[in-house]
Amino acid sequence: MRILVLSRAVIGPQMASPGVRAYQLAGALGRALPGAEITLAVPGDRGEVAPPARNVGIRRYYSNSEALFLARQHDVTVSRNFPPQFVQLMGKTRLALDAFTPLFIEWMELSQRDILPKWRRTWMASNRWYLNMQLTLADFIFCADDRQRDLWIGMMMALDLVPPSVYARDPSLRRYIDVVPYGVPQQPLRPAGPALKGVMPGIAPADRALLWNGGITEWNDTETLLRAMARLGGRRPEVKLVFMGINHPDFAFGPNAGVTRRTIELAEELGLKDRTVFFLEGWVPYAEIDSYLAEADASVCLGYENLEARFAFRTRYVDLFRARVPLVCTRGDVLAERVEREPLGITVPERDADAVAAGIERLLDDAAFRETCRANLARIGAELSWDAAVQPLADFCARRESVALPARQRQLRAAFRGGVYVALKKACKSPPLHL
């Protein structure tokens with residue numbers, strides 16, 4: 001069996017969550033299916049990376065045509081999104097769609113930043129048709145949790161992808177759409193040495209380090225966090241907040257983009273920048289993340305109790321679980337519910353700077369509570385190993401069949417939906433953000 005994992009995001013020394021996921025899924029599939037020949041297709045040339053498993057080879061591609069050529073040579077192609085040209089492959093290779101983020105809702109947020117108001121509705125319509133095409137192409141779909149699964153099932157039913165014949169073959173739909181969470185490596189942390197305390201100017205060896213693990217996106221509430229840090233600054237000067245990276249490897253976010261720019265400007269305005277709040281230039285290399293996680297006393301990530309949170313699976317939390325770093329987070333998403341229930345840290349209402357400041361202080365000062373959180377985090381980290389997470393996808397590959405409607409019944413609809421997407425994309429004169 002030949003399996004292609006087609007990454008649409010950068011894979012190399014510096015990777016964001018979509019690239020990390022493609023890389024780790026390829027490795028986990030290699031270990032789950034040792035007799036398979038697996039290719040990890042990497043876009044462009046952004047530095048060398050070691051294969052994630054012995055039976056995984058790495059190929060670079062530079063266009064959708066090259067991606068199509070690679071997919072033709074494989075029995076299964078796994079990707080976060082497929083170019084419209086992949087309609088040609090329906091019935092010739094099985095397509096597994098990685099739907100681990102609520103893309104349409106994220107694009108709704110980004111459209112407010114990047115798209116002129118007169119084009120916003122058309123741009124979002126193009127993305128809706130794009131997602132409709134993805135769901136129609138797919139022989140198998142996998143997402144990050146059951147709440148997301150319900151969202152995608154609703155869309156599939158609206159697109160008539162679950163007629164009586166499909167339901168009869170699989171009443172649970174688990175063989176059509178299942179859950180593959182964002183995972184963590186099985187090995188323990190392997191820090192290479194100090195990265196923050198006593199290393200970064202302004203952070204002393206005895207300081208307490210808070211990590212913002214990941215980039216700053218349009219659905220993050222950094223203003224409330226900075227105002228909480230301003231409240232703490234007078235009485236807790238040893239508490240230092242570090243934003244892990246401001247230059248997204250896939251160029252979705254950067255120091256001059258939207259919320260990231262406003263966060264830096266507000267930190268300067270409040271007198272926090274380079275005093276108690278620090279921004280790491282660039283993006284922490286994937287191989288070095290363990291060094292930062294090992295030094296963190298706590299972590300924080302804030303957002304809003306809105307539709308994005310309802311269907312989000314906060315990938316940035318998962319490494320914190322593995323590193324046993326308790327966190328302060330906003331209520332509203334699936335993982336935040338676990339943080340509050342188990343507990344793994346402290347959840348707070350949206351836009352409440354006083355609650356954030358109090359939560360940070362409790363995590364730093366209440367040693368017994370912190371140790372309870374760390375013990376619970378160790379258990380959750382083991383549960384989310386990539387090798388456990390990948391099993392539904394490995395099962396689909398091994399079955400060598402799909403319960404979806406036959407490709408010939410979906411192909412015309414997929415072509416039509418792809419055609420409408422291309423036409424709307426040209427009409428609004430703005431590129432889509434299909435990261």
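1. Which residues of helix 14 are buried? They are Phe369, Arg370, Cys373, Asn376, Leu377, Ile380 and Gly381. Seen down the axis of helix 14, these buried residues fall within an arc of 145°, so they line one face of the helix. Here buried means under 20% relative accessible area, exposed over 50%, and partly exposed in between (1.4 Å probe, protein chains only); the arc is that of the directions from the helix axis to the C-beta atoms.

2. The model is predicted: local features need pLDDT of at least 70, side-chain atom pairs count only at pLDDT 80 or more, and totals for chains, interfaces and linings use all residues. Residues are numbered from 1 along each chain as its sequence is written, and side-chain values use heavy atoms, with hydrogens and water left out.

3. On the face of helix 14 turned away from its buried side are the exposed residues Ala368 and Ala382. The cover over the buried residues includes strand 8 (208-212), helix 11 (315-323) and helix 13 (353-365). Helices (H or I, at least four residues) and strands (E, at least two) are DSSP runs, numbered from the N terminus.

4. The largest nonpolar core has 101 residues, of which Leu225 and Leu393 touch the most other members. Such a core is a set of buried Ala, Val, Leu, Ile, Met, Phe, Trp, Tyr and Cys residues joined through side-chain atoms within 4.5 Å. Helix 1 (residues 17-32) supplies the largest share of this core, 7 residues.

5. Gly44 lies in the loop between strand 2 (37-43) and strand 3 (56-61). Gly44 counts as partly exposed because its relative accessibility is 21%.

Key
Contact = heavy atoms within 4.5 Å.
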